Amino acid sequence: MYRWKNRGILAVIFMVVGALIGYGYYHFYGCTTNCAISSDPTRTMIYFAGIGLIASIIFWGDKKEKELRLKIQGMSCYVSEDRIQTGFGYLTGIITCESNCQTGEFRCVYDPRKVSKKDIVKRLQEMEFTIDRIQK
């Protein structure tokens, strides 16, 4: 809810700034005849407010990738690290995967539109690793 509230506030701010720019455009560059947008201040302001809304969507787009950090048990050597690399190499939506057998840490950057956190954890469990804890 909080995130959508911030998006709405950002969109309103961009639209107001766009409308002000539109009025400035009408005032300094607008024409008086046969101009579809710049002959009327209301149309110019609405047009530029729409541009401001589009700009807010572009600037506030969803982050496409997420990171998952896990503490796992069952990695005993560098062969385990290679097993993880090859095990996640074919999974669609995985951008990078790193593991460290000395610390037992696993880090994965993934695209949540293609693969979920549950799929990643399930894949680790299929490879017979035990999830100790999920790090925030």
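How far is the sulfur of Cys-97 from the closest cysteine sulfur, and in which residue does that sulfur lie? The sulfur of Cys-97 is 3.1 Å from that of Cys-108, too far for a bond. This is a predicted model, and it holds zero disulfides.

**Cysteines**

- A disulfide requires cysteine sulfur atoms within 2.5 Å, so the 3.1 Å separating the sulfurs of Cys-97 and Cys-108 is too far for a bond.
- Taken from the other partner, the closest cysteine sulfur to that of Cys-108 is in Cys-97.
- Cys-97 counts as buried, at 10% relative accessibility.
- Cys-108 is also buried, at 0% relative accessibility.

**Helix 4**

- Helix 4 covers residues 117–126 and includes Arg-123.
- Buried residues in this helix are Ile-120, Val-121, Arg-123 and Leu-124.
- Seen down the axis of helix 4, its buried residues fall within an arc of 155 degrees, so they line one face of the helix.
- Lys-118 and Lys-122 are exposed on the other side of helix 4.
- An α-helix has 3.6 residues a turn, so residues three or four places apart point the same way.
- After helix 4 comes Glu-128, which has a positive phi, near 70 degrees.

**Arg-123**

- Arg-123 has a relative accessible area of 16% and is buried; the cut-off for buried is under 20%.
- The side chain of Arg-123 makes a polar contact of 3.1 Å with the side chain of Glu-126.
- Apart from neighbours within four places in sequence, Arg-123 is in contact with Gly-87, Phe-88 and Tyr-90.

**Aromatic pairs**

- The whole structure contains four aromatic pairs.
- In one of them, the ring centres of Tyr-25 and Tyr-29 are 5.8 Å apart and the planes are at 40 degrees, so the pair is tilted.
- Tyr-25 and Tyr-29 are four residues apart in helix 1 (residues 2–29), so about one helical turn separates them.
- Tyr-25 is partly exposed, with a relative accessible area of 36%, whereas Tyr-29 is exposed, at 62%.
- Tyr-25 also pairs with Phe-48: their ring centres are 5.5 Å apart and their planes are at 40 degrees, so this pair is tilted.
- Phe-48 counts as buried, at 18% relative accessibility.
- One aromatic cluster is formed by Tyr-25, Tyr-29, Tyr-47 and Phe-48.

Methods:
Residues numbered from 1 in each chain as written. Predicted model: local features only at pLDDT ≥ 70, side-chain atom pairs only at ≥ 80, totals over all residues. Heavy atoms only, no water. Helix = DSSP H or I, 4+ residues; strand = E, 2+ residues; numbered from the N terminus. Buried < 20%, exposed > 50% of the residue type's maximum accessible area, 1.4 Å probe, protein only. Polar contact = N/O pair within 3.5 Å; in protein donor to acceptor, adjacent residues only side chain to side chain. Contact = heavy atoms within 4.5 Å. Arc of directions from axis to C-beta. Phe/Tyr/Trp six-rings, centres within 6.5 Å; stacked < 30°, edge-to-face > 60°.
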